[in-house]
Amino acid sequence: MKILVPVKRVVDPNIKARVKADGTGVETANLKMAINPFCEIAVEQAVRMKEEGGVDEIVVVSIGVTQCTETIRTALAMGADRGILVETTLEMQPLAVAKILKLIAEKEKPDLVIVGKQAIDDDCNQTGQMLSALLGWPQATFVSKIAVAGDHADITREVDGGLEKLTVKLPAVMTTDLRLNEPRYVTLPNIMKSKKKPLENVKADTLGIDIAPRLTTLNVKEPPQRGAGVKLADVAELVNKLKNEAKVI
Amino acid sequence: MSTYAAPLRDMQFVMKELVGLADITAMPDCAEVTSDLVDAVLDEAGRFAAEVLEPLNRGGDTHGAQCADGKVSSAPGFKAAYEQFVTGGWNGLSGESDFGGQGLPHVVAMPVQEMWNSANMAFCLCPMLTSGVLEALKLCGSPSQKQLFMPRLTAGTWSGTMNLTEPQAGSDLAAVRTRAILEGDHYRIHGTKIFITWGEHDMAENIIHLVLARKPDAPDGVKGISLFIVPKFLINTDGSLGERNDVKCVSIEHKLGIHASPTCVMSYGDAAGAIGYQVGEENRGLEYMFIMMNHARLAVGLEGVAIAERAYQHAREYARTRVQGRAIGQKAGERVTIIHHPDVRRMLLSMKAQTEAMRALAYTASAALDKSKHHPDDKERRRNQALVDFLIPIVKGWCTEQCVEIASTGVQIHGGMGFVEETGAAQYLRDARITTIYEGTTGIQAADLVGRKVGYEKGATAFAVLGDMRKLVAELALSANAEVRGLGSHMEQAVESLARATQWVVDTFPKDPNAVAAVSVPFLKLWGTVAGGWQMARAALIADAGLTAGADDADFYRAKIATAKFYSDHILQNSSAQSFEVCNGASSVIGFHDAQF
């Protein structure tokens, strides 16, 4: 089988993001960038499935600026086979990403698309679901376990009340939850080898689809600073404050 | 507590803009090493350092390696981390590709090794010694020895050690007494070796000891010492591990620092004699050791950079969070974090500026090492060989001496809490302290510098480097940026101080080597101080050009120029005092009588 894994380039999760002074977004200039952690889990899953047998090829795709090739190379170093960069300088929103991925999925004909459930920059949690709808394929979101069996997959997904087990027919779109796996450390020989793996560059504006942003960002603000705490005399005072100040009970 | 983050931006700046990675990768054998590949390697190595190695550093210090019944257990977590290190293929970073290594140039290995040493120096000593053994085998091993030992040493499933020192033979290796007696196709080794780093441990399947020993008919002194391979487990003809050899760890030392690195007393031949195999020709052991010592000395100089960087990050974090007192002149209002106090800022800056200068000089030396091996032009290869030979004692001696001072400043910034172990600042100082001692003390480095590297060649390489420095002074004077021009005038004075002292050494060495020896360490430090200033001024020029060209990383470049200015105002100024000490200080040392002590 063949697995398609989209990967997103985001600000390194270990770095403290700052809001731009003019409030138009998050400062990304000269920040260390990395593969989105949920996408990394998706790549890891695909690589593990390949190592266990039954997967012939893993194709990773990233959409964005030229530097997204670094993100693709990371996935190739983890064990993916081939990369596609859909190059654009436009701001990419989930619908546009899903439309592009639909085109690629139709061309590549994967049996499975594994998508990170959300990206840590915009936290949209929409792309996988939109892609499934556009393709007309089944979806399994927030999966923490995948077992492929013939023309279907048995999955476990994390829901509010606990775990839900489902069977989905393939081809399908799945989105990864945090506990699906723990991504490996990339080995040095694999970093070296990743340089030799094929990486195709496609310009987004040659695809003939409308990927213009649909949403307008009005303003981005830092969360309010946490104020100093106060010491309370007794439980009664706490209850009073929760009721009248915080208004939570 | 701070967490380590690899200073990727500065490392990339030094590699790509200051040292010229492109020159290295343009050479034959290095072409695969593209700039984005280097970024990917650095990223992942930094992650390994921060997530795997660093969390073990404190426990390694408090628990240490333990020795019982000749068996050494590594500190908690080390064995698993080493396995990850080997699985990740990191041990083969700059290893020969014929034996499974990745063959990356030294200039790429430097930042990677710096990160690992910053995160956990005690851990890194194990792979560092292994690479020393690999270097020796590459240099003088027979084809069958290479085939047998190098693949697994390159992978790291086997580790290596260097056995030079004996109780009576420290800096003076002529006194080596360990014996090697021929028996069929091998030798039987008897003797005791001390200070054997990672001499015994539980992280690798086998340990390959390189041992200096004397044959019965060998001449006295340094010309009678041969080099032998003594594996912990003998190796069967099919390559599998066989019997335990007659070598064991008697005890491990209780040390000031690097507690997680077992420093072993090794006993060879308590029973029938340890089986050993001669490496290279007989009686040339010490010569071989000195060739690979060059690499080891560069690696120890880099440890100095690494610990200095780690101590700086630790102190910076504390200075940013510790609230104490009000800003000077403020009688009321908010108390401030101590980074706002001018004296703390000065201390932090002295740490940062010197660390950056040390990094720049160490990486420059490693680039010269790469060029000495791979440059297509024979003349360039020889020029770079002379340069790296000249720079190595300076990098080793100066970077480690400064590192001790920097780590000590780190403790100072923490105040009383720095003296308390639980803040972690003290560990860097304790770990740093060995770096000025092993692989040749600072005194030995200085003796090498004034003797082999300056005196014997009448200062040829030294004056060539001074020539480069003078060219830089001329360039700085032409800068449109007043701050950069200011660096130029300071640099000019420093270069002339250095030239005077170098001339004094060249003139005095043939007639009064004692006098030169008396001021050799100040001479080494002077070279370090000015060479550091040279690199910082070069960095400022490049940063200024970057700013003029409108580079989008303006903050980094502005900070680089400001750091160079601090170095120029505060550190480089020591050069005039050091130069005075070199040119005038010998007589008060030589003239002092034994009885007056």
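Strands pair here if DSSP finds at least two bridges between them, and the elements are DSSP runs numbered from the N terminus, with helices being H or I of at least four residues and strands E of at least two. This is a predicted model, in which local features need pLDDT of at least 70 and side-chain atom pairs pLDDT 80 or more, while totals for chains, interfaces and linings use all residues. Residues are numbered from 1 along each chain as its sequence is written, with chains lettered from A and ligands numbered from 1 in the order written.

**View 1. The open sheet of chain A.** Follow the nine strands in the order β9-β8-β7-β10-β6-β1-β4-β5-β11; their pairing is mixed. At the edges, β9 (162-169) and β11 (199-203) of chain A each pair on one side only.

**View 2. Strands β7 and β8 of chain A.** These strands, residues 139-149 and 152-159, run antiparallel and are joined by six bridges. Look for Ile146(A), whose bridge partner in β8(A) is Ile155(A).

**View 3. Domains 1 and 2 of chain B.** Domain 1 spans 8-138 and domain 2 spans 155-285 of chain B, with bounds from an automatic or database domain assignment. Their C-alpha centres lie 25 Å apart. The contact takes 30 residues from domain 1 of chain B and 26 from domain 2 of chain B, counting residues whose C-beta atoms, placed from the backbone, lie within 7 Å.

**View 4. The side of domain 1 of chain B that touches domain 2 of chain B.** Here α4 (57-63), β2 (71-73), α5 (78-87) and α7 (121-140) of chain B each supply at least two residues. Helix α7(B) gives the most, with 12 residues.

Note on methods: Two residues are in contact if their C-beta atoms, placed from the backbone, lie within 7 Å.
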